[in-house]
Amino acid sequence: RTTSTAFCMRLILASTSPRRREILGLLGLPFEVIAPGFDELASSDRPVEDEVLDFALGKARSVARDNPNSIVIGSDTMILINAKKIGKPDGIADAQQMLRSLSGKTHRIFTSVAIVDGSGGPGLRIVEEVSVRMRDYSEKEIEDYLSCNESLDKAGAYSIQGRGRALIESIDGDYLTAVGLPLKPIADYLKSRGISVTVNIEKLYADKAFLNWQSF
């Protein structure tokens, strides 16, 4: 599993997100996926960086409790526009309103990573930020996009790597952070713990840049 005899633990992704599973899979390492038993209780008063990190840590801890001697990765994503936090929509009407509010504007995506390391390692707690500029799209474009049914489980009601990318004008920052899991800090942490990550991360990022990315 690794080139290090000192490191024989399980790697677990505490997530129900297919996107995060696919991104972590780009490292070519064996890992398990376990759904976290954690309730995200949003608060309008907390800074987005604090809340998104607390949610990631809560997910990771909920899985780590039942899986000792493992490296558990949790993550969460939130959007901030006009000082308002946006998560996943409550339904189609909410998704429609979200997309209207994003049209023609720049919003910020915050994605956190929390690693709980059962080997006694330090773990990891980070938040990365990306700016996304949306096109000034029409009401009909919103309706057409909602009809493809990829909005309801996405923060901000659009899929950055799906058909929603047609609504985007530009991205400033780490594309994988915008999709839902910054890979570089995870790879760096795993290397520091003795796991052999043989994938060329810089090349991977170049190959998987926003304009090049068609699918995982």
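**Reading a predicted structure, feature by feature**

Modeller: We start with two residues: K59 is buried, and D76 is buried as well. Buried means a relative accessible area under 20%, exposed means over 50%, and partly exposed is in between, with a 1.4 Å probe and protein chains only.

Biologist: What kind of model is this?

Modeller: This is a predicted model, in which residues are numbered from 1 along each chain as its sequence is written, and side-chain values use heavy atoms, with hydrogens and water left out. Local features need pLDDT of at least 70 and side-chain atom pairs count only at pLDDT 80 or more, while totals for chains, interfaces and linings use all residues.

Biologist: Back to the pair. What do the side chains of K59 and D76 meet in?

Modeller: The general idea is the salt bridge: a side-chain nitrogen of Lys or Arg within 4 Å of a carboxyl oxygen of Asp or Glu. K59 and D76 form one, at 2.8 Å from N to O. K59 is in helix α2 and D76 in strand β3 (residues 70–81), so distant parts of the chain, 17 residues apart, are linked. Helices (H or I, at least four residues) and strands (E, at least two) are DSSP runs, numbered from the N terminus.

Biologist: How many salt bridges does a search of the whole structure find?

Modeller: Twelve salt bridges are found. One of them joins E32 to R10, whose closest N and O atoms are 2.8 Å apart. E32 belongs to strand β2 (residues 32–34) and R10 to strand β1 (residues 10–14), so this pair ties together parts that are 22 residues apart in sequence. E32 is partly exposed at 32% relative accessibility, and R10 is partly exposed at 28%.

Biologist: What does K85 form a salt bridge with?

Modeller: The partner of K85 is E51, and the closest N and O atoms are 3.4 Å apart. Because K85 lies in strand β4 (residues 84–86) and E51 in helix α2, the pair ties together parts that are 34 residues apart in sequence. E51 has a relative accessible area of 2% and is buried.

Biologist: Helix α2 keeps coming up. How far does α2 reach from its first C-alpha to its last?

Modeller: The expected span of a helix is 1.5 Å times one less than its number of residues. Helix α2 (residues 48–64) has 17 residues and reaches 24 Å, close to the expected 24 Å. It is mostly covered, with 13 of its 17 residues buried.

Biologist: How many aromatic pairs does the structure hold?

Modeller: Rings of Phe, Tyr and Trp (its six-membered ring) pair if their centres lie within 6.5 Å; planes under 30 degrees apart are stacked, over 60 edge-to-face, and the rest tilted. The structure holds one such pair. The ring centres of F38 and F55 are 6.0 Å apart and the planes stand at 65 degrees, so the pair is edge-to-face. F38 sits in the loop between β2 and α2, and F55 in helix α2, 17 residues away in the chain. F38 is partly exposed at 29% relative accessibility, whereas F55 is buried at 4%.

Biologist: Where does N67 lie?

Modeller: N67 is in the loop between α2 and β3, and is buried with a relative accessible area of 11%. A polar contact is a pair of N or O atoms within 3.5 Å; within protein, one must be able to donate a hydrogen and the other to accept it, and residues adjacent in sequence count only if both atoms are side-chain atoms. The side chains of N67 and R10 make one at 3.1 Å. A polar atom of the N67 side chain also lies 2.8 Å from the backbone oxygen of V63.

Biologist: Which residues touch the most other members of the largest nonpolar core?

Modeller: A nonpolar core is a set of buried Ala, Val, Leu, Ile, Met, Phe, Trp, Tyr and Cys residues joined through side-chain atoms within 4.5 Å. The largest core has 50 residues, and those touching the most other members are L27, L99, Y158, I160, L183 and L190. Contact means heavy atoms within 4.5 Å. Leaving aside neighbours within four places in sequence, the contacts of Y158 include I79, L99, H107, M134 and I168.

Biologist: N82 or A157: which is buried and which is exposed?

Modeller: N82 is exposed, with a relative accessible area of 65%, while A157 is buried at 0%. N82, in the loop between β3 and β4, has a positive phi of about 50 degrees although it is not a glycine. A157 is not a glycine either, and has a positive phi of about 70 degrees.
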